[in-house]
Amino acid sequence: MTKIDEQLQLKTAELVRQTNALGIPVMVIFEGIPASGKSRLSNELLLTLDAKYTNFYATKRPDEELLRYPFLYPYWNNIPKKGGVTLFFRSWYAQKLDYEVHGYKKDIIKDYELLTQEIKGFESMLSDDGYVIIKFYLSVNEQKRQEHIEQTKKNPLTRWKAQEYETNIPIDVYQDGMVNLMKATEEIAPWTHIDYTERGKAANEMYEVIIKRLEKALKDKKKISDERDGKFTEDFQTDMFEDTSDDMSKAEYKELLPKLQARIRELQYALYERKIPLMLVYEGMDAAGKGGNIKRVRESLDPSGYEVNAISAPTETELSYHYLWRFATDVPRSGHIEIFDRSWYGRVLVERVEGFATTKEWQRAYDEINKFEKALSIEGAIVIKFFLVLDKDEQLKRFEERQVTPEKQWKITDEDWRNREKWDLYLEASKDMINHTTTEHAPWVIIPANNKRAARIKALKTIIATCEERLWNVKKLW
């Protein structure tokens, strides 16, 4: 009988301390049929690691409340922060098979293979960001597995666990499904098959794999480029944002606004009844009127069915995770509305311009954002993105007005003036953002904002038309 090698345990613990010190996050996944040794092997690793930076997350069959959120929502909520470790007892792989077997959201997700694409996107963006993903698939001698199940059944205190085994995904379905999933995701983060028939041998193999992966991660960490170059064009010019003004009289505005707001409220209830989440994203130039625009959208809404996220610079906690973490954990549940006053696009706007993100980080962010938004659309979310534009003279006028108006002075900061000095850089970054992230499922709507009244009406009309088209397949009128 092979004994567990204490030196392997000590080396694993030491390497994890090193990854912790360097801010390298580690994710370890344990998959396998019921009673294959997952709980025992994961607990072996859990006891070896320091509890200060180690978390354990067990995937259960999703309940009704969890099913109101996107497929990967619980996993975004449980990824480790930089330097941390999360052990996943079952994972998004078993969850994907749960969806298929039990037909979860089948009226929304037209093809469950789209969830495989979500998984690949999730793992690739985490891997690119320096996350170490180690995946184990466990099996065990069938005779020993059945012996363990029988022992579990005989003990009154563990009988519930045996009953849970029987209500899990059928073994042949799980095994066949995992074979396909492992093939599809092998390239991003390789799988290791471990036979748990002999406990000591299995544990040693696990430690050896983890040691090898962590040593590589520590070596690769030293090679990561910290270049921070926004790659801007000298004497940049564009006509993309030249149309900055739509005329609208006060009389027309006062006539249209209450009608459109009443319709928005009706649509809010219709979305709730149909369990369709709505995400409104507002980006644009400083002083373009995003706040006032959002206020007119929410003025007549039922406050129990929406939230507004005013996004500012990330906190220390938020910086310790993947940049999409704070957004992926704050998406609306089905039937609710989430409004973002600035958003995840900060990665390719302010972080690119100011050098807060490395060159590689902001360049790959376009694809990451497209995958993130695609995942939301797969699960039925409506994503509407507004970019409000105004000309430089109008911005100056609004800045100066804010400075002399007591109730508006809080809106103008030194940062706003600094950003204005980089007008052309933000213009180029905005153009690239719109070109790279306008997709069929989440297009950008450019709103001329010199006239605040016209900008507000256009946003309201766009929301109404988009929601009506989804709800009743009504042709857009605006």
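These legends describe close-up views of a predicted model. Local features need pLDDT of at least 70 and side-chain atom pairs count only at pLDDT 80 or more, while totals for chains, interfaces and linings use all residues. Residues are numbered from 1 along each chain as its sequence is written, and side-chain values use heavy atoms, with hydrogens and water left out.

**View 1. Aromatic pairs.** The count is 27 aromatic pairs. Rings of Phe, Tyr and Trp (its six-membered ring) pair if their centres lie within 6.5 Å; planes under 30 degrees apart count as stacked, over 60 as edge-to-face and the rest as tilted. The ring centres of tryptophan 92 and tyrosine 93 are 6.2 Å apart with planes at 35°, so this pair is tilted. Tryptophan 92 and tyrosine 93 are both buried (under 20% relative accessible area; exposed is over 50%, partly exposed in between; 1.4 Å probe, protein chains only). For tyrosine 99 and tyrosine 104, the centres are 5.7 Å apart and the planes at 85°, so the pair is edge-to-face. Both of these residues, tyrosine 99 and tyrosine 104, are buried. Ring pairs join Tyr57, Tyr75, Trp76, Phe88, Trp92, Tyr93, Phe122 and Trp191 in a cluster.

**View 2. Arginines over rings.** A charge sits over a ring if NZ of Lys or CZ of Arg is within 6 Å of the ring centre and within 35 degrees of the ring normal. Arginine 347 lies over the face of tyrosine 323, 4.1 Å from the ring centre. Arginine 352 lies over the face of tryptophan 362, at 4.2 Å from the ring centre.

**View 3. The largest cavity.** On a 1 Å grid over the protein atoms alone, a cavity is a set of points where a 1.4 Å probe fits but cannot get out, a pocket is an open set with protein on both sides within 12 Å along at least five of seven lines, and lining residues have an atom within 4 Å of a point. There are two cavities of 30 Å³ or more. The largest holds about 60 Å³ of space. Its lining includes Ile264, Gln268, Val297, Ile337 and Cys467. Helix H10 (250-274), strand S6 (278-284) and helix H19 (452-472) each give two or more residues to this lining. The largest share, four residues, comes from H10. Helices (H or I, at least four residues) and strands (E, at least two) are DSSP runs, numbered from the N terminus.

**View 4. The second largest pocket.** This pocket has a volume of about 650 Å³. It is lined by 27 residues, with Ser377, Gly380, Ala381, Ile382 and Arg470 nearest its centre. Helix H15 (359-378), strand S9 (382-389) and H19 each supply at least two lining residues. H19 gives the most, with four residues.

**View 5. Salt bridges.** The structure holds 31 salt bridges (a side-chain nitrogen of Lys or Arg within 4 Å of a carboxyl oxygen of Asp or Glu). Lysine 52 bridges to aspartate 50, with the closest N and O atoms 2.7 Å apart. Lysine 52 has 70% relative accessibility and so counts as exposed. Aspartate 50, at 25%, counts as partly exposed. Lysine 231 bridges to glutamate 227 with closest N and O atoms 3.8 Å apart, and to aspartate 229 at 4.0 Å, N to O. Lys96, Glu100 and Glu113 are linked in a salt-bridge network.

Terms used
Points joined across faces, edges and corners; volume = space filled by probe spheres on them.
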